[in-house]
Amino acid sequence: MKKTKKGLLLVSTLVFFLFIGYQYAADNTFNNQSDENNPKGTRIKDTNDMEHVSNNNVSLNDKMERTRNEWDCVKPNEVGKIMIIMYHNIGNEESTWSRHYSNFKKDLETLYKKNYRLISMKDFIDNNIDIPAGYTPVIITFDDGLEGQFSFIRKADGINIHPNCAVRILESFNEQHPDFGKKAVFYINSYPVAFGQPEFVKEKLNYLVKNGMEIGNHTYSHKNLAKITPEEIKEEIGKNIAMIKKSVPEYEVCSLALPYGGIPKNLAVVAKGNWGEIKYKNKSILLVGAEPALPPNHVAFDPLKIPRIRGSERYLQKWLEYFDANPRERYVSDGDPDIITVPQDLVFQINKHSLKGKVLRTYNRSN
Ligand SMILES: [Zn+2]
């Protein structure tokens, strides 16, 4: 059953790419036509356009049939919702602020089987979602810089990464399933020290950056930004950056997770500013709860208030089941980061000003 499903997906993906190829072949002006005031004036493609395509090898009718089935199978929806999962510690216990390491492994397994693939926070906020057709992006975040997220152990042969910390679990899962990816973002504080082992802060932060993971700002000392002054907010953000730069001077932190989810009155102070000579710019600001996020091209997308879902048994299960039951709400990639493909009935949800050179393509989904 599993193999059949995988095989079907693989074949579907291949056929989908073929279809994209034919669309370009059918109209080489595809990229040049758009009309911001008229969604229908945007170069809209559907399977009827295929009638203009000729090919010597396979009968047109055969291809038409295959590609029609393909749209129905892949159903790209690049204005659908994306889960940004919020974890705290990964460890030996299961509680509000800790996910048992065996359950974290299980979460990765479940996400993988349900065709979710990891993307970085940076690619999300830069609208550069690059995963194969038919798959759904997911972002994993960790708050508070706890030792269970990234832990070193001393052994006779040197220093190793703890096998049950989040970083190693992600890496080892990715070794078995390289198409899943190992991207994650760690929202750290500098007081208390990030990841609990003061002697290894520099090594750990450098390791994360070298291995394609991200460092995010969670303020210097985990202050509730809704309860302090703008000047104190600047200090909490800037001082944390100063500490991070001591370990990774070239790294640009571009995202912040609000401690306790506390939203200050003036979010602009959090988004951009400076603390003395330290400048900061948070392109994305993350909340604590409590629902999947909208993608960057959605009309209601707000980069300064991005919701997350809890990485707990209850809530992760809840949202996985939700998307199983409501597949039309789920973001499904068309496989091409330069093209935004949405069903025709959802084109009204697209913020055309956010496309910035990307091509908008729509299609009619059958049901
Ligand atoms: Zn926190």
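Reader: What is the average pLDDT of the protein?

Author: The average is 86, and 80% of the residues score at least 70. pLDDT is the predictor's confidence in each residue, from 0 to 100.

Reader: Where does pLDDT stay under 50?

Author: Over residues 14–57. The model has 52 contacts beyond four places in sequence for that stretch. A contact means two C-beta atoms, placed from the backbone, within 7 Å. Where pLDDT is low, the predicted coordinates should not be read in detail.

Reader: Why is Gln-344 called partly exposed?

Author: A residue is buried if 20 or more other C-beta atoms lie within 10 Å of its own, exposed if 12 or fewer, and partly exposed in between; C-beta atoms are placed from the backbone. Gln-344 has 14 C-beta neighbours inside 10 Å, so Gln-344 counts as partly exposed.

Reader: Where is Gln-344 found, and which residues is Gln-344 in contact with?

Author: Gln-344 is in the loop between β15 (339–343) and β16 (359–363). Leaving aside neighbours within four places in sequence, its contacts are Thr-362, Tyr-363 and Asn-364. The C-alpha atoms of Gln-344 and Asn-77 are separated by 9.8 Å, yet these residues are 267 apart along the chain.

Reader: What makes a run of residues a helix or a strand, and how many of each are there?

Author: Helices (H or I, at least four residues) and strands (E, at least two) are DSSP runs, numbered from the N terminus. The protein has nine helices and 16 strands.

Reader: How do you know that the buried residues of α6 line one face?

Author: In α6 (residues 201–210), Val-201, Lys-204, Leu-205 and Leu-208 are buried. Seen down the helix axis, the buried residues fall within an arc of 95°, so they line one face. That arc is taken over the directions from the helix axis to the C-beta atoms. On the other side, Lys-202 and Lys-210 are exposed. The cover over the buried residues includes β8 (185–188), β9 (214–217) and α7 (230–247).

Reader: Why is β5 described as mostly covered?

Author: Eight of its eight residues, 136–143, are buried. Thr-136, Val-138, Ile-140 and Phe-142 point one way, while Pro-137, Ile-139, Thr-141 and Asp-143 point the other way.

Reader: What makes β5 a partner of other strands?

Author: Two strands pair if DSSP finds at least two bridges between them. β1 (residues 83–87) and β5 have five bridges, in the parallel sense. Ile-85 stands opposite Ile-140 there. β4 (residues 116–118) and β5 are parallel too, over three bridges. β5 also pairs with β8 over three bridges, in the parallel sense.

Reader: What makes a set of residues a nonpolar core?

Author: The set must be buried Ala, Val, Leu, Ile, Met, Phe, Trp, Tyr and Cys residues joined through C-beta atoms within 7 Å. The largest such core has 64 residues. Those with the most contacts inside it are Ile-85, Val-138, Ile-139, Ala-166 and Phe-186. A second, separate core has five residues, including Val-79, Ile-340, Val-342 and Leu-360.

Methods
Residues are numbered from 1 along each chain as its sequence is written. This is a predicted model: local features need pLDDT of at least 70, side-chain atom pairs count only at pLDDT 80 or more; totals for chains, interfaces and linings use all residues.
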